Amino acid sequence: MSVVWYECKVKYRKTDETGGQKVLTEPYLVDALSYTEAEKRINEEMAAYISEEFKITNIKVANYAEIHPFENADRWFKSKVSLIAYDEESGKERKTSMYMLVQANDVREAFDNTIHIMKNTMGEYSIPAISESPIMDVFPYFSGEEGETEMLERFNALKASKPERPDEEIVDHMEFETATEE
């Protein structure tokens, strides 16, 4: 999905397990055409989740080229992907960076998911950085047309799926070159 995303910060009071109340400010992503629509949409989405009063404290355009939900993942990661192009006139390599929001359970899985997303890319690329994003949830826009209803259901199913916890021990298959001691 490639659209304009707005990061909306929502401040509200949450009751914890002990019954105490805590004020939280959490960021959410909304797909919208303008700041006004983003505010309207985040108010509608939050009204479904928060029964008490809440306040929108900030809305800004998010710097994400693409958003990719994955099954059985519960956190969002910001992947920086550098596209590498060769400039024939100057003879130099040029890098153009873009950010993707990828759903995963940990950084390694976010890396694997980013590789999966980029597998059909024709040009060269590198992934210089992946970090956990504070984004709590993503709310894409769907008009309700017949073809988009399936997309909405698929997006929400992917987003809502719970992570599978492996029973066996995870074996690290990464290889590192070690310097030989002389």
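Two strands are said to pair if DSSP finds at least two bridges between them. Strands (E, at least two residues) and helices (H or I, at least four) are DSSP runs, numbered from the N terminus. The structure is a predicted model, in which local features need pLDDT of at least 70 and side-chain atom pairs count only at pLDDT 80 or more, while totals for chains, interfaces and linings use all residues. Residues are numbered from 1 along each chain as its sequence is written, and side-chain values use heavy atoms, with hydrogens and water left out.

An open sheet of four strands, with mixed pairing, is ordered β3-β1-β2-β8. Each of β3 and β8 has a single partner strand and stands at an edge, so one side of each is left without a neighbour in the sheet. β1 runs antiparallel to β2, to which 11 bridges join it, and pairs with β3 in the antiparallel sense over seven bridges. On the β3 side, Val-10 stands opposite Ile-56 and Tyr-12 opposite Phe-54. On the β2 side, the bridge partner of Tyr-12 is Leu-24. Five residues lie between the strands in the hairpin of β1 and β2, where Gly-19 takes a positive phi near 95°.

Helix α1 packs on this sheet, touching β1, β2, β3 and β8, and its direction makes about 140° with that of β3. Contact here means heavy atoms within 4.5 Å; axes are lines fitted to C-alpha atoms, for helices over the stretch in contact, and angles run from 0 to 180 degrees between N-to-C directions.

The next topic is the nonpolar core, a set of buried Ala, Val, Leu, Ile, Met, Phe, Trp, Tyr and Cys residues joined through side-chain atoms within 4.5 Å. Buried means under 20% relative accessible area, exposed over 50%, and partly exposed in between, with a 1.4 Å probe and protein chains only. The largest such core has 16 residues, and those with the most contacts inside it include Cys-8, Val-10, Tyr-12, Ile-42 and Phe-54. Two or more residues come from each of β1 (5-15), β2 (21-31), α1 (35-49) and β3 (54-61), with β1 giving the most, four residues. Leaving aside residues up to four places away in sequence, Ile-42 touches Cys-8, Val-10, Tyr-28, Val-30, Ile-56 and Phe-139. A second, separate core of nine residues includes Trp-5, Leu-101, Ile-135 and Val-138.

Three aromatic pairs are found in the whole structure. Rings of Phe, Tyr and Trp (its six-membered ring) pair if their centres lie within 6.5 Å; planes under 30 degrees apart count as stacked, over 60 as edge-to-face and the rest as tilted. The ring centres of Tyr-6 and Tyr-35 are 5.1 Å apart and the planes lie at 70°, so this pair is edge-to-face. Tyr-6 belongs to strand β1 and Tyr-35 to helix α1, 29 residues apart. Tyr-6 is buried, at 5% relative accessible area, whereas Tyr-35 is partly exposed at 44%.

Tyr-28 and Phe-139 form a stacked pair, 6.1 Å centre to centre with 25° between the planes. Tyr-28 lies in β2 and Phe-139 in β8 (residues 138-139), so the pair ties together parts 111 residues apart in sequence.
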